[in-house]
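Student: I have a structure open and would like to walk through it with you, a few residues at a time. Could we start with it on screen?

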Amino acid sequence: MGASLPPKEANLFKLIVKSYETKQYKKGVKAADSILKKFPEHGETLSMKGLIYNCMDRKTEAYELVRHGLKNDVKSHVCWHVYGLLYRSDREYSDAIKSYRNALKIDPENIEILRDLSLLQIDYGVQLAEQEPAQMRDLSGFVETRQQLLTLKPNHRMNWIGFAVAHHLNSDPRKAAEILEAYEGTLEEDYPPYNERYEHSEMLLYKVSLLEECGSPERALEELNKKATRIVDKLAFKEQLASLFLKLGRFNEAEATYRSLLAANSENYRYHEALQKCLGLSLEGGKHSPEHVNKLTSLYKSLQEEYLSSAAAKRIPLDFLENEEFRKAADNYVRPFLTKGVPSLFSDLRPLYDHPGKADILGGLILEIEASLQNNGSFSGRSQKEPPSTLLWTLFLLAQHYDIRGQHDLALAKIDEAIVHTPTVIDLYLVKGKILKHAGDLVAAAALVDEARSMDLADRFLNSECVKRMLQADQVDLAEKTAVLFTKDGDQHNNLYDMQCMWYELASGDSYFRQGSLGRALKKYLAVEKHYADMTEDQFDFHSYCLRKMTLRAYVQMLKFQDRLHSFPFFHRAAVGAIRCYLKLHDAPPKVTVDEEGGFVGLSPSERKRIRQKQRKAEARAKKEAEEKAKEEEAANIAATKSGKRGSQHSKVIDLDPDGQKLLQVEDPLAEATKYLQLLQKHSASRLETHLLSFELNIRKQKMLLALQAVKRQLRLDPDDPEVHRCLIRFLHKVDSLPPAQTSTEKLVQNVIEIERPSLGVPHDKSLLEVNESFLENHRDSLVHRAAAAEMLFLLSPERKEEAIKLIEDSVNNIGPRDCAFGRIMAWKLKSCVSVHKLLETTFHDTSAASRWGLLCAEMFPFSTYFKGVKSSAVPGSVNYQACSKEDNSDLGKNQNKIIEAFTHSVNGDIPDLKDLKISAPVESHQTC
């Protein structure tokens, strides 16, 4: 570096490098300017100055300087290395790798460049969605680079470890274990010293895991026992030992080890699951046999006696016990939690509602406990009186039970009773808001949760819950004013974006999408995608750190986690939302002509010309002002670097497109949607929604074979889903409607579809009407399936419209088994009824049928604002309507403690108006089974 400079300037060049490494940017620029005064065309100095400018957020100048420097000294490895660093900082990974390789052609043994290249090769795994599709990590190149580093510096521990990890990631754990074995052979007998015991212990555990992974559990167990004295993490040692015993079929030793682990932590469900495997009692599929249930009962009876305070030992039997045994165990389990007042008890019991019959047993049990507390003040079979709060939490639990069963009248009656009992418990209002949400009154739910929020204005969780409910009710402005209470300096948008608050962005995006504001919705969805890109970028800093600190097992887990990052729910929701926006944009593009956009309708050509000139001047003026503002900020950043810190880290980012209008100005919305679909197909292939979107996208692009592929994958995942039936009929109807094939390609496509037709469950001798009729026969009792069949009947035979509508209207709301408590459990869900109503309005275009359906559903769902149920806030005169009146919700900023007049209270719990919200249960509901 700086070899072509005289000694004085060469020392200055070393100072530039040191200043860059220590982040003393002003000092580095000053040294570079000193060299450039004498040697203005020195390529390496120009490149280093550009690199420092890049750190000072002077991107344009940085690229100009680096390119100028490279042009002046194209054979300098420093210039190419700096060019690669510049590209890497902007996430242009492929260009950065090319630059590093060019640098290595000049200096093939440069350690720094090889290390930077290896980091990019392992970090290059996931590209941003707006760039090319995702690519795999360059693992073979990573192995080669790490081998070069080991060859150059064989006495460096990091190089040995890095080479082993490279082989492991390249699916060769056996080779990785051999490399670690060879590394151990280079160590002295008394290694490690005391201060490196942990690092060496982690390497030994990593080596054992490699041996286990490559299919040598016996050798792994031998190695683990051999190095037991050098392993510091005794818990990890025990867990690994137990795992190996279990894998080798040494069940007695595995059982003893897992029992000792349970003695240390009896709440660890993984230990309980492994113990069941040791005893041959694990559930592989289906139900436990009676013999297994008896053995499991004996096991957990002994564990409960051994670990008296273990909640897991009492909760796990609820999963396999049935009937009266289940009732007794559930009774013993819930009573202490009701006495303690644990709000999360229902969340713990929630999975049991998926077990046939257990929901009825739980309902009867909770009712029995409530009756005993109401009558005697104690649990049945006990003389000891319970505190008054026990009844409160029993009512709380019972309300949630009715809510999940769809009995919202009863749920609201019980939660109101709990509120009257103790009006100051915040959890009661949160649950009542949730019940109202499920009942279909999102506005009242938002108002009630805001009431809970105002009871503790310093609670961020309550604020977040309130914002979420407001966004679900499409009260975006009110939600933003509420969210801003917990953001820095009142800068809500930037602060929530910087905190990667993805739930807020997704909820906002969904709300904007429902309201038809596609630009803003896209902006929120793409913000979530950007967060995932930042997470991918953030892993870069861990590669060197983890190898240096020897946290190898956690490091490999982190890399595997990173590889499946885009399969997580938040990204899936954001990608689905973005695809739906682009599909809607394609189906209904903004119908704004150039004349209408400029307000030119009815104007003469000369007037239009004059207005356009004014517009161009205004745009130029705005651009100039933006540039001047940018220069001012840049000057401020430069001044801030006097302390050696980045000046822009505290500057406020100005959003030049708050409404997302630029995002709507895409030439091909389907091409944009395809980028996100490819990520979903790679990372969420097991989700039906992915292939439903694939069909919608490809049928619009006239990609018939890709649409066929999507339908086949849908049928493989869930052939009985009504959406899958819709896609199948639409696809085949589209194929049958195509004109005769003209080109060889078209003929080939049609031939393939004809060959694949039987695999779709549609033989050549069976018409689509017959397929649709068969589907209806198989699902005649399901509303959503009948609606799908009716819609497809109308598609295939538009003249049979009345028959199709009658199919829907003849649907019967089968009443489910009567709850052992009281009341009815309806088969129809509110969401399904809403979709049917929209179908009648938008697809059948029958306002009369839609009106009849709306009246029917309004009676079934009295709290639904969509159907204007009599108890909903959408009906003037109802209690919820008065509570959610616009006048009382218009200005959140004026009085944070008074949002809704009907819900007004003081923080000490004086809530008189809430008594008006009591909902009495129907008289017939008090009849027990």
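Student: Which helix is the place of His 531 in?

Tutor: Bearing in mind that this is a predicted model, His 531 lies in helix α30, which covers residues 518-538.

Student: And is His 531 buried or exposed?

Tutor: His 531 counts as buried, because its relative accessible area is 1% and the cut-off for buried is under 20%.

Student: What is His 531 in contact with, leaving aside its neighbours within four places in sequence?

Tutor: With those neighbours set aside, His 531 has contacts with Tyr 497, Gln 500, Met 502 and Glu 505.

Student: Switching to Leu 783, where is that one?

Tutor: Leu 783 belongs to helix α43, given as residues 783-796, and with a relative accessible area of 6% Leu 783 is buried.

Student: What does Leu 783 touch, not counting residues up to four places away in sequence?

Tutor: Leu 783 touches Ser 811, Trp 828, Ser 832, Cys 833, Val 836 and Trp 853 once those residues are excluded. As for Asn 814, which is 31 residues from Leu 783 along the chain, the C-alpha atoms of the two are 9.8 Å apart.

Student: Now the aromatics: how many aromatic pairs does the structure hold?

Tutor: There are 15 aromatic pairs in the structure. One of them is formed by Tyr 866 and Phe 867, whose rings are edge-to-face, with 5.0 Å from centre to centre and 85° between the planes.

Student: For that pair, what is the relative accessibility of Tyr 866, and of Phe 867?

Tutor: Tyr 866 is partly exposed at 33% relative accessibility, whereas Phe 867, at 7%, is buried.

Student: Which residues do ring pairs link into a cluster?

Tutor: The cluster linked by ring pairs consists of Tyr 63, Trp 80, Tyr 83 and Tyr 87.

Student: Where does the charged end of Arg 58 sit?

Tutor: The charged end of Arg 58 is placed over the ring of Tyr 53, at 4.0 Å from the ring centre. Lys 234 likewise has its charged end over a ring, that of Phe 237, with 6.0 Å to the centre.

Student: Last topic, confidence: what pLDDT does the protein chain average?

Tutor: The chain averages a pLDDT of 86, and 85% of the residues score at least 70.

Student: And where does pLDDT stay under 50?

Tutor: Two such stretches are residues 593-599, for which the model has 11 contacts beyond four places in sequence, and residues 642-650, also with 11 contacts of that kind. Where pLDDT is low, predicted coordinates should not be read in detail.

Technical notes:
Residues numbered from 1 in each chain as written. Predicted model: local features only at pLDDT ≥ 70, side-chain atom pairs only at ≥ 80, totals over all residues. Heavy atoms only, no water. Helix = DSSP H or I, 4+ residues; strand = E, 2+ residues; numbered from the N terminus. Buried < 20%, exposed > 50% of the residue type's maximum accessible area, 1.4 Å probe, protein only. Contact = heavy atoms within 4.5 Å. pLDDT = per-residue confidence, 0-100. Phe/Tyr/Trp six-rings, centres within 6.5 Å; stacked < 30°, edge-to-face > 60°. Lys NZ or Arg CZ within 6 Å of the ring centre and 35° of its normal.
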